[in-house]
Amino acid sequence: MFASIWQWLVVLAIVLLFFGAKRLPEIGKGLGQSIREFKEEVTPEKTPGDKAKPVDAHVVDSEKKE
């Protein structure tokens with residue numbers, strides 16, 4: 001369900017009235033910075049020396065062979 005342009009304009013008008021035009025850039029900057037920090041913490045660091053260790057996979061046959 002996508003919101004129409006009029007719904008977004010109403011939301012924007014309410015946000016402008018609530019926070020004011022001067023604080024919106026500060027709020028946007030803070031939100032962007034927090035999202036960026038969250039992404040950095042969630043994604044694992046990739047270093048050139050790190051390589052995936054090979055895993056030895058063994059198939060276990062549940063049926064006994066006689």
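**Rings, helices and surface of the chain**

Reader: How many aromatic pairs does the count come to?
Author: The model is predicted, with local features needing pLDDT of at least 70, side-chain atom pairs counting only at pLDDT 80 or more, and totals for chains, interfaces and linings using all residues. Residues are numbered from 1 along each chain as its sequence is written, and side-chain values use heavy atoms, leaving out hydrogens and water. Rings of Phe, Tyr and Trp (its six-membered ring) pair if their centres lie within 6.5 Å; planes under 30 degrees apart count as stacked, over 60 as edge-to-face and the rest as tilted. By this rule the count is one aromatic pair.

Reader: Is the pair of Phe18 and Phe19 stacked, tilted or edge-to-face?
Author: A pair of aromatic rings is described by the distance of the centres and the angle of the planes. For Phe18 and Phe19 the centres are 4.9 Å apart and the planes stand at 85 degrees, so the pair is edge-to-face.

Reader: Is Phe18 buried or exposed?
Author: Buried means under 20% relative accessible area, exposed over 50% and partly exposed in between (1.4 Å probe, protein chains only). Phe19, at 34%, is partly exposed. Phe18 has 64% relative accessibility and therefore counts as exposed.

Reader: How far apart are the end C-alpha atoms of helix 1?
Author: Helices (H or I, at least four residues) and strands (E, at least two) are DSSP runs, numbered from the N terminus. The expected span of a helix is 1.5 Å times one less than its number of residues. Helix 1 has 15 residues and should span 21 Å, which agrees with the distance between its end C-alpha atoms, 21 Å.

Reader: Which residue follows helix 1?
Author: Helix 1 covers residues 5-19 and includes Val11. With a positive phi, near 90 degrees, the residue that follows is Gly20.

Reader: How many residues of helix 2 are buried?
Author: Helix 2 spans residues 24-42. This helix lies largely in the open, because the number buried among its 19 residues is zero.
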